[in-house]
Amino acid sequence: MSPALSAAHASPAARPFELVCPAGSLPALRQAVDHGADCVYLGLRDATNARNFAGLNFDEAAIASGIGYAHSRGCKVLMAINTYPQAADPKPWHNAIDKAVDLGADAVIMADPGLLRYAAKKYPRLRLHLSVQGSATNYDAINFYHQQFGIQRAVLPRVLSLEQVKQVVDRTPVEIEVFGFGSLCVMVEGRCALSSYVTGESPNTHGVCSPAKYVRWEETPKGLEARLGGLLIDRYAPGEKAGYPTLCKGRFDVGNEHSYYAVEEPTSLNTLELLPQLVKMGVRAVKIEGRQRSPAYVAQVTKVWREAIDTCLREQHRYAVKTGWMAQLDQLAEGQQHTLGAYHRPWK
Amino acid sequence: MMKLSLGPVQYYWSRETLLHFYEDVAASPVDIVYLGEVVCSRRHEMRLPDWVELAQRLGEAGKEVLLSTQVLLESGSDVATMHRIAGQEDFAVEANDMGAVRCVSGKAPFVAGPHLNLYNADSLQWMADLGARRWVAPLEMKRSDLAVLQKTRPQGLETEVFAFGRLPLAFSARCFTARHHNLPKDDCGFSCISDPDGMLLSTRENEPFLVLNGIQTQSARVHSLLRDYESAAQIGVDVLRLSPQSQSMMDVIGLFDAVRRGALTPDRADEQLRALLPAAECNGYWHGRAGLESTAPEAR
């Protein structure tokens, strides 16, 4: 191994509470690193990760370059290999793990038990994170993955209340990472097949949700219509702001209620105000969603969260969310609005 | 001959309705019955001792009976209920979460439920090593992928396929039924008991799309592999799972049974089946297509 390579391989030290930021491209990775991410996560340009979108993600050379850039600035790189290998050919997933090790990724994020077993056997020193796609919402599940594969961190699905997160943290030796900001999945990750029901492709099978190639926009006399696989997901009146037709975020009819967000509004999760509680209960990392977002988005979100986390760690008791932070994040949020989601029990 | 199983009731039915339903089930030709509340722990018409008592009766009627665990475990009491199911020794367990697998593994042979995401040979081998004696393929799995897994499946492991019923597509922290009634989840009034087959969600063009069943979202269309019976038999599927609907369920069971006994052709049976369904039929997943599609069996 060349000295340059071994320098790039030196894993930065762990921080007490980590900010984990998305990188869908090399420019986004640099923005995240420059604006204070402790870790960035990325994936290969194929179905091995859950943001398998056209024009997004990394080839091998870009990962090598990204890891070099991040490591030289004290930032870790986590590689997401978090879809489920389909029966016919698991080879691309095994190759992805081999590549992650070769390139010096600091950890791999996975959901599939077969892959976790492969990685744990072949690379006993490789750090394993259980992906949110693993649907582990309780301490028994997390401790089971720990016992079976030695996972060191688990990312919790966005379905638990704050109190439930605490119950998990209290009963596991595994580090807990939670989602802090970004588009909100209202379903338990890893257990949602809505997208494949409509299009044949889902997060589990193809690393996608409501894929763009099935989306059709049409101007009609009734308004602008957004369709997925031919199904009308939403219709917008003139002047109404149209959003991407993620199938659970459309307006539908149920019983006598017409045209309402029966499943979920277009909104972003934002947990800035929960930071002191998350830190206090022993959560180890907060994840920012959005590998499909622009480098400018990543820069702005990372910057706000870095400042908030530093403030919180410095002066936990006096921490208060600054209006400026919220204003900046709301501008970037889906539907320009935010929610505490399931963390907040009265959520309905 | 393939075995027929009756999956757990996904909806909230009154105790009386459930007990009547299972009286009929006891006399029906299904071989295996999965019992228990798998969707929402707030539903309390039946408690665990009631399910166990029912299981005993169905066992006496000659059925293989298993207790199913809840799919999404969030609260401490969800986990405690799962522990009680895993801890009893009278009936085998269908584990529907990895937490439940942890609790049953090494104790007694168990069934790995349809939401454990076993998509490939390595995962399946792992599950068999942990003590599964049967597994239920993921809903999304296409026949050609299942055929690959069948070739290398671990010895002694039975394969079960979700073959009838509205597809349980997603689970959430949010209760969509309570949301519809503008009620908080923790004070929901148990309103889902009024919807024995869930609440239909349609697009604004009036096309039936999904069904809201508490925290679960189902397909509006009714998945059926009755027409695909032969293609499932060919790849050595052992068990076909039928998921209960509130109306005509015994007739549905009868049609699957008639096909497996050769008393009706799949096509004839399917014609009769369509008249018993609350919505259009689909089988797209089996054919590697969008789940809502309806595809004729491949010509052979």
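First, a term: two residues are in contact here if their C-beta atoms, placed from the backbone, lie within 7 Å. Keep in mind that this is a predicted model.

Now the helix pair. In chain A, look at α2, residues 26-34, and α3, residues 60-72. Their axes come within 10 Å and cross at roughly 10 degrees. Angles under 35 degrees count as roughly parallel, and α2(A) and α3(A) are therefore roughly parallel to each other.

Which residues meet? From α2(A), we have A:L26, A:L29, A:R30 and A:V33. Facing them from α3(A) are A:A62, A:S65, A:G66, A:Y69 and A:A70. By class, that contact has six nonpolar, two polar and one charged residues.

Next, helix α7 of chain A, residues 162-170. Which of its residues are buried? A:Q164, A:V165, A:V168 and A:V169. Down the axis of α7(A), the buried residues fall within an arc of 145 degrees, so they line one face of the helix. On the other side, A:E163 and A:D170 are exposed. What covers the buried residues? The cover includes α6 (139-149), β7 (175-183) and α10 (275-281) of chain A.

Last, the domains. Chain A is divided into domain 1, 3-184 + 267-343, and domain 2, 204-260. Over C-alpha atoms, 29 Å separate their centres. Domain 1 of chain A gives twelve residues to the contact, and domain 2 of chain A gives seven. On the domain 1 side, the residues divide into five nonpolar, five polar and two charged.

Conventions. Residues are numbered from 1 along each chain as its sequence is written. Chains are lettered from A and ligands numbered from 1 in the order in which they are written. This is a predicted model: local features need pLDDT of at least 70, side-chain atom pairs count only at pLDDT 80 or more; totals for chains, interfaces and linings use all residues. Axes are lines fitted to C-alpha atoms, for helices over the stretch in contact, and angles run from 0 to 180 degrees between N-to-C directions. Helices (H or I, at least four residues) and strands (E, at least two) are DSSP runs, numbered from the N terminus. Angles under 35 degrees count as roughly parallel, over 145 as roughly antiparallel, 65 to 115 as roughly perpendicular and the rest as oblique. Ala, Val, Leu, Ile, Met, Phe, Trp, Tyr, Cys and Pro count as nonpolar, Asp, Glu, Lys and Arg as charged, and the others, Gly among them, as polar. A residue is buried if 20 or more other C-beta atoms lie within 10 Å of its own, exposed if 12 or fewer, and partly exposed in between; C-beta atoms are placed from the backbone. The arc is that of the directions from the helix axis to the C-beta atoms. Domain bounds come from an automatic or database domain assignment.
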